[in-house]
Amino acid sequence: MAPIQKECDYLVIGGGSGGLASARRASGMYGAKAIAIENKRLGGTCVNVGCVPKKITWQAADIAEKIKESKAYGFSVSETAPFDWTMFKNKRDAYIRRLNGIYEKNLKNDKVEYMHGTASFVDGHTVKVVLDDQTEVSVKAKKILVAVGGRPNFPPVEGAELGISSDGFFELETQPKKVAVVGAGYIAVEMAGMFQALGTETHLFIRHDTFLRTFDPMVQEKVTAEYERQGIVIHKGSSQSKLEDIGNGQKRLHYKDSNGEGTMDIDTVLWAIGRAPELEKLNLSVTKVETNEKDHIIVDKYQNTNIPQIYALGDVCNQGYELTPVAIAAGRRLADRLFGGQPDAHLDYSNIPSVVFAHPEVGSIGMTEPDAREKYGDENIKVYTSSFTALYYSMMEPEDKGPTSYKLVCAGKEEKIVGLHILGLGSGEILQGFGVAIKMGATKADFDKCVAIHPTSAEELVTMK
Ligand SMILES: Cc1cc2nc3c(=O)[nH]c(=O)nc-3n(C[C@H](O)[C@H](O)[C@H](O)COP(=O)(O)OP(=O)(O)OC[C@H]3O[C@@H](n4cnc5c(N)ncnc54)[C@H](O)[C@@H]3O)c2cc1C
């Protein structure tokens with residue numbers, strides 16, 4: 001059967017954070033004829049296997065910690081009932097399904113035509129979509145946005161497929177008793193923290209001595225030490241050579257760490273060793289769109305690829321920020337530029353705040369101290385730090401108190417704040433407001449001029465000496 005033919009102004013491949021935001025703005029605000037294609041679930045990584053279910057699980061982990069800590073405040077809390085992982089998982093899934101429906105309704109409201117199917121390029125203007133019932137649709141578009149996101153990597157380790165990725169974390173029907181999380185990025189650190197807080201025996205395998213290695217050294221050192229204090233077993237200097245099935249749902253992990261070679265029998269191994277662009281089914285090569293050595297699509301700050309009518313954004317690109325608000329903002333600016341008569345609209349990729357939902361949370365914006373020293377020279381950098389015990393922990397025994405540490409990295413005579421790094425309770429919420437200040441070019445003197453809010457942890461940021 002000959003494929004169904006369609007034409008549009010704007011074809012968006014990928015119904016995730018960036019694609020949906022861009023399609024809805026182009027159609028809803030500027031009246032472009034837009035079509036969006038998604039082959040899994042609307043909302044993409046963030047809604048289905050990323051930010052949203054992750055944060056809900058983090059809240060559960062946070063509650064578990066608060067229940068333990070409540071004793072120090074005089075509550076008689078019995079911890080005999082285990083966390084009902086299955087009930088929690090089903091409820092979380094139901095919430096996500098509701099979100100999927102809301103996303104579909106939003107597309108309708110903004111008059112974006114939505115097709116559920118897999119897109120692949122036929123040429124630079126034409127995309128073939130294979131719908132769920134195998135019907136083929138050929139779409140000719142004036143402009144095409146590639147917003148296909150990424151997928152988790154598995155390592156080239158024998159038996160690696162017996163482990164799960166972060167996607168699999170959200171499919172776990174029951175709580176593992178013992179897990180090995182492999183990786184040192186924010187996803188590994190967040191998932192290890194959640195498992196531990198919820199009562200799973202947690203082993204974290206990292207290659208070096210600290211994790212979160214793109215963050216400021218203060219963050220790396222303090223959070224690694226805090227995870228050890230909490231009882232997470234961190235295997236430093238580690239590598240894995242084999243994973244095998246030993247029956248009864250158990251796996252055996254063969255590894256090496258700073259203590260030598262070993263094996264560990266375990267319920268679940270979670271690989272969180274990085275992500276790769278989801279280009280497999282796209283047949284991108286026919287378009288001659290350029291990618292880098294890691295398969296990321298190369299774009300400029302306007303989201304232009306090397307092919308005039310093809311654009312890309314979000315996790316599939318080389319822009320270095322794999323975050324939902326980045327993809328959304330880039331998608332909206334792109335629609336403003338292509339259909340809204342704003343020829344210079346683009347996302348400013350400097351000073352983007354980000355948070356790690358570790359235990360405790362980490363917030364970071366701007367340069368790390370080593371990067372700032374390298375850029376401006378030691379003599380032009382002044383660093384303010386503060387490490388203290390948050391008032392929340394005042395009622396607890398010394399061994400139960402978590403850390404709070406803040407750092408401001410200031411450059412030049414005017415002490416412009418070029419980096420702000422915080423870890424401690426509430427850091428995610430604290431960072432958003434300070435992010436505005438940093439984006440506006442705040443100096444240390446500006447921070448000093450702001451009267452503190454007492455008693456909070458964040459007040460330390462405006463009273464540093
Ligand atoms: C575990 C985890 C936790 C995270 N936590 C956070 C967080 O707390 N905060 C934050 O800001 N970010 C977080 N992220 C990152 C965030 O999810 C991504 O940066 C964001 O989703 C990227 O958006 P995107 O539009 O580029 O791609 P995606 O959201 O991945 O969307 C791409 C979509 O394209 C579809 N697709 C792919 N190929 C095709 C094809 N050929 N045809 C049709 N459809 C296709 C995919 O199915 C997918 O739905 C997290 C990610 C993970 C994995």
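Predicted model: local features only at pLDDT ≥ 70, side-chain atom pairs only at ≥ 80, totals over all residues.
Most residues other than glycine have a negative phi, and most peptide bonds are trans. Asn248 is exposed, because 7 other C-beta atoms lie within 10 Å and a residue with 12 or fewer is classed in this way.

Strand 11 (residues 250-257) and strand 12 (residues 260-266) run antiparallel and are joined by 7 bridges. The two strands form a hairpin with 2 residues between them. Asp257 has Gly260 of strand 12 as its bridge partner.

Leu212 counts as buried because it has 24 C-beta neighbours inside 10 Å, where 20 or more are required.

## Cis peptide bonds

Two proline positions deserve attention. The peptide bond from His359 to Pro360 is cis, with omega near 10 degrees, and Pro360 sits in the loop between strand 16 (354-356) and strand 17 (362-366).

His454 and Pro455 are likewise joined by a cis peptide bond, with omega about -5 degrees. Pro455 falls in the segment after helix 11 (444-449).

## Domains

The protein is divided into domain 1 (4-52 + 87-152 + 276-339), domain 2 (160-273) and domain 3 (360-462). The C-alpha centres of domain 2 and domain 3 are 29 Å apart. To the contact between them, domain 2 contributes 8 residues and domain 3 contributes 14 residues. The side of domain 2 that touches domain 3 has 5 nonpolar and 3 charged residues, and no polar ones.

## Surroundings of Cys8

Cys8 is part of strand 1 (residues 4-13). Cys8 counts as buried because it has 21 C-beta neighbours inside 10 Å. Leaving aside neighbours within four places in sequence, its contacts are Lys33, Ala34, Ile35, Val139 and Ala141.

Glu113 lies 105 residues away from Cys8 along the chain, and the C-alpha atoms of the two are separated by 9.7 Å.

## The ligand shell

The ligand is surrounded by 36 residues, of which Gly14, Gly16, Gly44, Gly149 and Gly314 are the closest. By class, this shell has 14 nonpolar, 15 polar and 7 charged residues.

At least two residues of the shell come from each of helix 1 (17-29), strand 2 (34-38), helix 2 (44-49), helix 3 (51-70), strand 3 (113-121) and helix 8 (324-339). Helix 2 supplies the largest share, 4 residues.

Note on methods:
Residues numbered from 1 in each chain as written. Domains from an automatic or database assignment. Contact = placed C-beta atoms within 7 Å. Nonpolar A, V, L, I, M, F, W, Y, C, P; charged D, E, K, R; others polar. Near = placed C-beta within 6 Å. Pairing = 2+ DSSP bridges.
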